[in-house]
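Opening my notebook for a look at a new structure. I'll jot down what I look up as I go.

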Amino acid sequence: MHCRLTDMKQNKVNMITFGTLPRTALTLLLGLTMATVTLRAAQKEKAPLPLKLPMPAFIGTPTDIPIDEHVEKPSEDPRPPFLAPKGVQNVALKKKVTSSDKSPITGGVELVTDGDKEARDDSFLELHRKTQWVQIDLEKEYEIYVLLVWHAHNTPQLYHDIIVQVSNDPDFLNDVKTVYNNDWDNSSGLGVGKDKEYFENYEGRLMDAKGVKGRYVRLYSKGSTYSALNRYTEVEVWALPAS
Amino acid sequence: MTRGFWLGLLVVAAVAVALRWPQLSLRPMHTDEAVHAIKFADLWQNGAYRYDPNEYHGPTLYYATLPVVALSSDPNFDHLRESTLRFVPLLFGVGLILLLFAVRDALGPAATLVAAGLTAVSPAFVFYSRYYIHELILVLFSMLFLASAWHYAEKRSVGWALLAGASLGVMHATKETSVIAVAAAVGGLGLTLLWNRWREGIPIALKPKLNLKHLLAAVALALLVSGAFFSSFFTNARGPLDSLLAYFPWLHRAGGHSPHLHPWPFYFERLFWFHHGPGPVWSEALILILALIGFGAALFRKALPGANLNFIRFLGFYTLALTAAYSVISYKTPWCALGFLHGMILLAGVGAVILVRAGKPVAVRLTAAALVLLGTGHLAWQAHLGNSIFYEDRRNPYVYAQTVSDILELVNNVEAIAKVHPQGYQLPLAVVAVGNDYWPLPWYLRRFLSLRGPDHWYSEVKPDLAADIVIASPKLRPALAERLGQTHQVVGLFGLRPSYNLHFWVRSDLWRDFMERSQARPEAPK
């Protein structure tokens, strides 16, 4: 944010200084200046995302490692730091959560954004079987750079039909942008997804949202290789206020 | 018998049906259920049954399924539904409740109705009344055997002796563990006689209660019934002999290596206090507490109004012996608990009546009755949860080595490919699983002709393996990649049981074709 304000101030100064130049040159210079500002805004200064990870609940990767079109091979190594624009914050923390399941099996919807992502029995929301979703109201529009989700990382398992969408429409009828979709067989009916299925672990799943703008984030799932039920331990949305 | 008693029993049976019938197909088929379904199919489709002393228990389940399937709308094995198969144990589960009229005079009418109610709502009984295995048949005929034997002891009528004999034959033809129930009954009888002698000075004398001719007739009928079933109705002469030889492998299994070896408190934990992970605490402790009250009163009181003291004492010792025997045997599966749990339920009926009648002021009686009712309601609630939400979840104490729903997604994909494959259900399909750990897939893939017979079910990768679709253990991936890597690809991973997955290999060009057709569906918005 600091960078952007500096750029704007400088831009204003430039316009005053060159106000006496011929109109064509002025237009050219103005265009150049605007392009520079845009480029610099796009290349916001980045820094590693300051994530706090929960304790690992199991050691090692699953023995049945698939290498295929739809399933990602689990890594033995820690995830490399993710560079996000400086100043991004987890804007989902403590924000209001709603769900497709009005009577969850265990836990309350507030657990999804309470900041507790440990693999404990009391730290997750558990929804019924079939495709279910949780939705976070960020309260205003944000530029979202990173989404992180922990479904259940108490045991190696692979969740199906993980679809993450962002919108300014709380009903997700208009202006829906899909950040992630690994429903390769379209069994949830929201369209065929090209992203990979993956094994849950303590690092959660990091999804690069590339600055998509929106106020509401909705996350779908349809059970796992372990259970037909849908668990959500924590969701983080790392973002900047929309410009 | 009074009209009120029958009305009460019918209301309880209706409650039992309401808890057992809904969504009978919801839970994926357990391995054992699938095995029994395939065994039944052979009997149904080919009229063939041959007892195998190494596996599968006796044939009564399959023969009992025949009329149920005949009355259903299922035309053939391809279209046989899980709900049709599970209707068989459901019938026995509800029949067990109605059968309690046979011990009305022994327990007393009120205690019988309470016992019926507890059987109706017991989470264990509800869960396994929806499970295509032998247990409910065994429990029902054990009950009929005990009731008939008691009636015989009371009346010395040859009819009751024959009914006891026939029940004994069916018990034996149902499951090898029937001998444990018989041994417990003998032990229970002996302990009752000893107790009566010690506490009340009653001399031990069986002779007045028994008629040798009646006894021989009962044994002969038991042998005839059992022999008829094991010989596939006199078409397999070796069957009855095999039914005796079966005890060697089962004894070996009971004390040898098996994934089903558990410490002695296994059943107690599952029945009386089970809390693994978030969710409800599962407990049928109410039954245990009431059973202890009932048995304690029978032991130390001189009389129980409206009930037969000796029968209740016998029931207590029998249940104790059965519980001890099953706890001592290392080989344990949770459904084996039904036998002694039912004994506890009968005693609990007595205990509940004693508890309610013990209080002198009406308010105390009403409070005791309300507590029993509340506890019964809690059991019903657990039974509902266990079959509507936690039906495949290991937090449910009765879920054991359960198939998870995820495998149905794999089956859906195989079916979807078959619809676009030129050979349809004849498409070449193979299953390769280490240790043949692929059940219940033979049930779910029964429509695929290439899987009929053993030719396409493997435990290792054969050099000549050839199929358009291969479902395989992840451990076999390197060997399969070597064999099929050039032509096939793994397109998915699906859970068969918690922490045990299967890979879904499909011939690449077939998969591309399938996916191209699938792409006609909308792509996700970006």
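**Ground rules.** I'm working with a predicted model, where local features need pLDDT of at least 70, side-chain atom pairs count only at pLDDT 80 or more, and totals for chains, interfaces and linings use all residues. Residues are numbered from 1 along each chain as its sequence is written, while chains are lettered from A and ligands numbered from 1 in the order in which they are written.

**Helix 6, chain B.** Eleven of the 13 are buried, so helix 6 of chain B is largely enclosed by the rest of the structure. Buried means 20 or more other C-beta atoms within 10 Å of a residue's own, exposed means 12 or fewer, and C-beta atoms are placed from the backbone.

**Helix 11, chain B.** Which residues are buried here? I found B:A218, B:A222, B:V225, B:S226, B:F229 and B:F230. They cover an arc of only 125° around the axis, which puts them on the same side of helix 11 of chain B (the arc uses directions from the helix axis to the C-beta atoms). The face turned away from that side carries exposed B:L212, B:K213 and B:L216. Just after helix 11 of chain B, B:S232 has a positive phi of about 55°.

**Chains A and B.** The contact (C-beta atoms within 7 Å) takes 33 residues from chain A and 32 from chain B.

Terms used:
Helix = DSSP H or I, 4+ residues; strand = E, 2+ residues; numbered from the N terminus. Contact = placed C-beta atoms within 7 Å.
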